[in-house]
Amino acid sequence: MKRTAVAAVVALLAALNARAAAHGEYQEFVRKSSGRPVDCALCHAHSNGPEGTAAGQIGSLSAEELSRLGRARAAFEPGANVDSPILNDFGDLILQRVGKKRVLELRSAPDRLPDELGVASDLDADGVPDAREYLEGTHPLIASDGDPWSLFVHNVRRHVFQLVMITAATLITLFGLGNLLHGFAVRLRAKESAGKGAGT
Amino acid sequence: MKLGEIAGGTATFVRERFPVEKLNAESMLTKKVVPVHRMSWAYYLGGLALFFFLVQIVTGLMLLFYYQPTVSDAHASVEYITQHVSGGALVRNLHAWSSSAMILSIIVHVLTTFAMKAFAKPRELTWVTGVALAMLVFGFGFTGYLLPWNQIAVNATKVGLQSIEAVGQYLPGEMATWPTYVRETIQGEAAVGQATLSRFYALHVIVLPFLVAGLLGLHLFQVQIHGMSRGVDSERVGSQKFFPFFVIKDLSVWGVAFLVLFVLGLCLPFESFFAYPLMEPFDPLGSTPEGIKPEWYFFFVYYPLELLPYWAVMLGMTAAVVGLFVAPWILRGASRRTLRAIAIAAAVYLVVITVFGQPIYEALKGVNP
């Protein structure tokens, strides 16, 4: 009973605070700095943000998830183990690295968030650090989303063995076809000279 | 003209396009020669388009094993293919890259064939089937774009279907309602939904492949029976045997194309050129995200539609399509020099509007489309 009451209060507070929790300043900054359209899915579990009743939004949370949400919102200092049901892994990472207090402070200077995140984290392992993905408006959790050239270079390094093998296979095939062509040309010339010889 | 004369003329036309004396392997294969000159590289473009089409078939069949053509599961099944199926991301990426490569090689093939006056008698049917194949390939692009059922797919399809209906305002009387019927027939229901997805899926994987197979057969048959056109006015034109020399060189080009395609498929996600909100599942209740556009190969009609009156663009495009189909007859007397100038102008237009369409739009309108 007590747990349900606490959950209800947390849900009410969360609903009242939902718009502020979405932190549109970050989204606006990313859109302007990158020139790419972005939505709440950059940090949240749902692309329309935390408000609503769909999966990943506050209205759909169970008591256990509301409890996790409460703990995430209480993570004011960096270093806390955050697992918010309305944030994705990148949203959780931001809270873990900089803390809720700093997230609120940085709303007036969202360009400084990448410095505070550092370059070590790359959640989708696509070779582009999360902080850079934030600046470039690409998704830190989608490996196929990122600066095309950076992804290409990273994937070439990652698949170097396969690329060497396929290049070798192609070159060998081309070598074989070239030799075949040469063989046919020699045969044709021999045939032509034999024809000329017979004619004379 | 009397009926007998028309029938006689038709019979002569058919006889010349399907010469019985050449219907043997010797004429169509071993005795066939390919001209050698400075434009000889253009003879490989048709084969290149065929290669990419074959890649489309193979990768498309692989995708069919997992793809679910329902509005509730289509996006999830594509995500499943990309993230959980062994080699799924590679196959899907190869499918995406080879579709673009196929369309690019077809566009260049059409332009070079036009510039070389390869449509001249007796190759009119080769040309007409080639232009029809190009149209069908654009149909493949349009229908395939919807299948992942993401934001850009559904919203771009809506725009495309609306532009069909807009033709009605310029048609007289009862005909004004025809484009609406066409749109409703393609769409299958009041809005783009399950019926649309089912129809596009059927068109993409059954109807269009069968049509392409039939037309491609006729196209290749005509190419083999009449051979490659001379292509240039120069007196000094060499020749090489089609088999084995040209075939081996063609296979070598296919090998290089496969390598390039494989490297792209493995290392450069096609989706990285799109903003991630456009790749999210379509939300019928949500707002339309920014940046909805068709695929790059529709930019030549998309940006003019955004910048010019609808009727002007439609008139221009209709004239261009009809002109392409009847080119062998209306340009019968045109010199290769004139045709080359037209092809270069068309190529410049296509490159400029495709590469610089967005900056041009922004410069002229001052906003994003």
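Modeller: Helices, as the word is used here, are DSSP runs of H or I with at least four residues, strands are runs of E with at least two, and both are numbered from the N terminus. With that in mind, chain A reads α-α-α-α-α-α-α-α along its sequence, which amounts to eight helices and zero strands. Please keep in mind that the model is a predicted one.

The part to look at closely is the largest nonpolar core, which holds 74 residues, and within which B:F52 and B:M102 touch the most other members. Several helices of chain B each supply at least two residues of this core, namely α3 (45–64), α4 (74–84), α5 (88–115), α6 (124–146), α7 (151–165), α9 (194–226) and α10 (242–267). The largest share, 13 residues, comes from α5(B). If residues up to four places away in sequence are set aside, B:F52 touches B:S98, B:A101, B:M102 and B:S105, so B:F52 and B:M102, the two residues that touch the most other core members, are also in touch with each other. Apart from this core lies another, of 28 residues, including A:V38, A:A75, A:L87 and A:Y134.

The axes of α5(B) and of helix α13 of chain B, which spans residues 336–365, come within 8 Å and cross at roughly 160°. Angles over 145 degrees count as roughly antiparallel, and α5(B) and α13(B) are therefore roughly antiparallel to each other. The crossing of α5(B) and α13(B) is right-handed. On the side of α5(B) the contact is made by B:I107, B:L111, B:F114 and B:A115, and on the side of α13(B) by B:L339, B:R340, B:A343, B:A346, B:A347 and B:L350. Sorted by class, the residues of this contact are nine nonpolar, no polar and one charged.

Beyond α5(B) the chain runs into the loop between α5 and α6 of chain B, where B:P122 lies. The peptide bond that joins B:K121 and B:P122 is cis, with omega about 10°. In the loop between α6 and α7 of chain B sits B:W149, whose phi is near 55°, a positive value in a residue other than glycine. A residue counts as buried if 20 or more other C-beta atoms lie within 10 Å of its own, and B:W149, with 23 such neighbours, is therefore buried.

A positive phi in a residue other than glycine, near 55°, is found in chain A as well, at A:A125, which lies in the loop between α5 (113–117) and α6 of chain A. Here the surroundings are of another kind, because a residue with 12 or fewer such C-beta neighbours counts as exposed, and A:A125 has 9.

Of the 200 residues in chain A, 30% are buried. Among them is A:I142, with 20 other C-beta atoms within 10 Å; A:I142 is found in the loop between α6 (130–136) and α7 of chain A. Leaving aside its neighbours within four places in sequence, A:I142 is in contact with A:D124 and, across the boundary between the chains, with B:Y276. The C-alpha atom of A:I142 is separated by 55 Å from that of A:V186, which is 44 residues away along the chain.

The contact between the two chains takes 30 residues from chain A and 25 residues from chain B. On the side of chain A, α7 (148–158) and α8 (160–199) each supply at least two residues, and α8(A) gives the most, with 11 residues. By class, that side has 15 nonpolar, 12 polar and three charged residues.

Terms used:
Residues are numbered from 1 along each chain as its sequence is written. Chains are lettered from A and ligands numbered from 1 in the order in which they are written. This is a predicted model: local features need pLDDT of at least 70, side-chain atom pairs count only at pLDDT 80 or more; totals for chains, interfaces and linings use all residues. A nonpolar core is a set of buried Ala, Val, Leu, Ile, Met, Phe, Trp, Tyr and Cys residues joined through C-beta atoms within 7 Å. Two residues are in contact if their C-beta atoms, placed from the backbone, lie within 7 Å. Ala, Val, Leu, Ile, Met, Phe, Trp, Tyr, Cys and Pro count as nonpolar, Asp, Glu, Lys and Arg as charged, and the others, Gly among them, as polar. Axes are lines fitted to C-alpha atoms, for helices over the stretch in contact, and angles run from 0 to 180 degrees between N-to-C directions. Angles under 35 degrees count as roughly parallel, over 145 as roughly antiparallel, 65 to 115 as roughly perpendicular and the rest as oblique. A crossing is left-handed if the near helix is turned anticlockwise from the far one by less than a right angle, and right-handed if clockwise.
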